[in-house]
Amino acid sequence: MRKELIRDERAGSIIATVNSLAYAIEARDPYTRGHSERVTKYALRLAEFVGLDKKKTQLLRYCCRLHDVGKIGVPDKVLLKNGPLTFDERAQIELHPVYGAEILGDLKFISAGVPIILHHHERFDGKGYPYGLKKEKIPIEVRIITIADSFDAMTSDRPYRKALVLSAVIEEIKKCAGTQFDPMLTKAFLKIVASAAAVPTVSLAFHMLLNGHVSNGSLSKNRPRTKGKGGGR
Ligand SMILES: [Fe+2]
């Protein structure tokens with residue numbers, strides 16, 4: 001009984017720590033409000049679809065919420081800039097995975113996730129940052145987050161552009177399979193999106209996607225086959 005209480009207390013304080021850090025970054029950058037929560041939901045759907053084990057999935061949950069925590073270290077004039085970034089500003093933004101790994105480095109509950117935070121902007125073709133890791137050298141959790149992160153970025157309004165329609169998002173994701181994204185995970189993610197999009201409205205489609213009403217690879221034969229429209233960068 002006492003052991004259970006201690007375990008519950010620990011779990012509670014971990015969740016509170018994760019939420020506090022996530023709120024700290026969202027307070028710095030209001031346009032990213034809700035971003036890490038949505039990325040978590042998309043990533044967990046994909047993780048479930050491809051059968052990621054329980055331990056990795058729990059770590060993925062924390063890493064999704066905190067993937068951009070290093071943006072706390074980026075100056076406001078760069079982080080909140082509405083126009084295109086200069087070379088130097090881009091370099092400052094690209095340090096955020098390193099800052100994130102430093103911020104979380106001493107937290108025991110997420111120490112196994114530090115490489116995930118550090119590498120969350122790597123690309124499948126090796127053209128990402130900060131280390132240019134390639135293919136399976138990139139942890140699977142990162143390859144999942146990359147797709148979920150981009151999907152949310154493209155389907156959300158940003159100060160510098162409106163959200164893309166869902167058909168354009170799907171085309172963009174398809175185009176990036178094998179370059180930015182892991183092709184196997186891209187295929188799986190597009191199956192989830194296609195299932196969710198096979199309902200009359202985008203909001204309903206996204207609701208279904210978020211709430212995990214789409215089963216592994218199966219498209220409901222009873223749903224209306226209308227195209228969804230979404231919105232993103
Ligand atoms: Fe990031």
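Student: What is the mean pLDDT of the protein, and what share of its residues reach 70 or more?

Tutor: This is a predicted model. The mean pLDDT of the protein is 83, and 82% of its residues reach 70 or more. Confidence is highest in α7, at a mean of 97, and lowest in helix α11 (residues 202-210), at 54. Over residues 213-233 pLDDT stays under 50.

Student: How many helices and how many strands are there in the protein?

Tutor: The protein has 11 helices and zero strands. Of its 233 residues, 37% count as buried.

Student: What makes T186 count as buried rather than exposed?

Tutor: The cut-off for a buried residue is 20 or more other C-beta atoms within 10 Å. T186 has 22 such atoms within 10 Å, and it is therefore buried. T186 lies in helix α10 (residues 183-197). Leaving aside residues up to four places away in sequence, T186 touches I147, I173, A177 and F181. The C-alpha atoms of T186 and R143 are separated by 9.3 Å, although the two residues are 43 apart along the chain.

Student: What is noted about phi of K135?

Tutor: Phi of K135 is near 40°, a positive value in a residue other than glycine. Most residues other than glycine have a negative phi, and most peptide bonds are trans. The loop between α7 and α8 also holds P130, and the peptide bond from Y129 to P130 is cis, with omega near 10°.

Student: How do you know that the buried residues of α6 are on the same side of the helix?

Tutor: In helix α6 (residues 96-104), the buried residues are H96, P97, G100, A101, I103 and L104. They cover an arc of only 160° around the axis, and therefore they are on the same side of α6. The buried residues of α6 pack against α3 (54-66), α5 (87-93) and α7 (114-118).

Student: Why is α2 called roughly antiparallel to α3?

Tutor: Helix α2 (residues 35-49) and α3 pack at an angle of about 155°, with their axes 8 Å apart. Angles over 145 degrees count as roughly antiparallel, so α2 is roughly antiparallel to α3. The contact is made by S36, V39, T40, A43, L44 and A47 of α2 and T57, L60, R61, C64 and R65 of α3. α2 passes α3 in a right-handed crossing.

Key. Residues numbered from 1 in each chain as written. Predicted model: local features only at pLDDT ≥ 70, side-chain atom pairs only at ≥ 80, totals over all residues. Buried ≥ 20, exposed ≤ 12 C-beta atoms within 10 Å, placed from the backbone. Helix = DSSP H or I, 4+ residues; strand = E, 2+ residues; numbered from the N terminus. Arc of directions from axis to C-beta. Contact = placed C-beta atoms within 7 Å. pLDDT = per-residue confidence, 0-100. Axes fitted to C-alpha atoms, helices over the stretch in contact; angles between N-to-C directions. Parallel < 35°, antiparallel > 145°, perpendicular 65-115°, else oblique. Left-handed = near helix turned anticlockwise from the far one by under 90°.
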